[in-house]
Amino acid sequence: MASIRHEIVIDASPEHIWDVLRDVGAVHERLLPGRVVGTRLEGDQRFLTFPDGHVVRELIVTIDDDSRCLTYSVVEGARPPLEHHHASFEVRPEGDGAGRLIWTTNVLPHTRAADVRVRVEHGAREMKQAIEAAAPASHPPG
């Protein structure tokens, strides 16, 4: 099994980053607007609709507010096609007022790792842009 770990610093508070990530029903509005055009929840399943009409079905495994960790699995509709997909997002403080997003993805077959890595890196940059654009402005003490 291939494991892909990608980290990116986001210029927003860890609380704000986590608020966006844990809002699992608003991917199309808050996390990947434009990349995802619709999000629907049915119990612990999430359905993401893409601009071309393609739908990915995910299982939301864990939303842990204490550790700011979200785990999920793509169970149908993965691009590229995968035998297994399990991923997690973690949010950690980074310096003064920023956060580090750690996205770990485990996939089979391992031969798809390079394709998945490109998608993860691109997706992380898009998430960073959306989260920073919507981050509350910081106010200097005074």
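Trainee: How much space lies in the largest pocket?

Mentor: The model is predicted, with local features needing pLDDT of at least 70 and side-chain atom pairs pLDDT 80 or more, while totals for chains, interfaces and linings use all residues. Residues are numbered from 1 along each chain as written, and side-chain values use heavy atoms, without hydrogens or water. A pocket is an open set of 1 Å grid points where a 1.4 Å probe fits, with protein on both sides within 12 Å along at least five of seven lines. Filled by probe spheres set on its points, the largest pocket holds about 730 Å³.

Trainee: Which residues lie nearest the centre of the largest pocket?

Mentor: Its lining (residues with an atom within 4 Å of a point) comprises 33 residues. Those nearest the centre are Leu32, Phe50, Arg79, Trp103 and Arg119.

Trainee: Which element gives the most residues to that lining?

Mentor: Elements are DSSP runs, helices (H or I) of at least four residues and strands (E) of at least two. Two or more lining residues come from each of α2, β3, β4, β5, β6, β7 and α3 (113-134). With eight residues, the largest contribution is that of α3.

Trainee: What is the strand order of the open sheet?

Mentor: The sheet has seven strands with antiparallel pairing (at least two DSSP bridges). Its edge strands, β1 (2-10) and β2 (38-42), each pair on one side only. The order is β1-β7-β6-β5-β4-β3-β2.

Trainee: Which residue in β6 is the bridge partner of Thr71?

Mentor: The strands β5 and β6 are antiparallel and share four bridges. In β6, the partner of Thr71 is Ser88.
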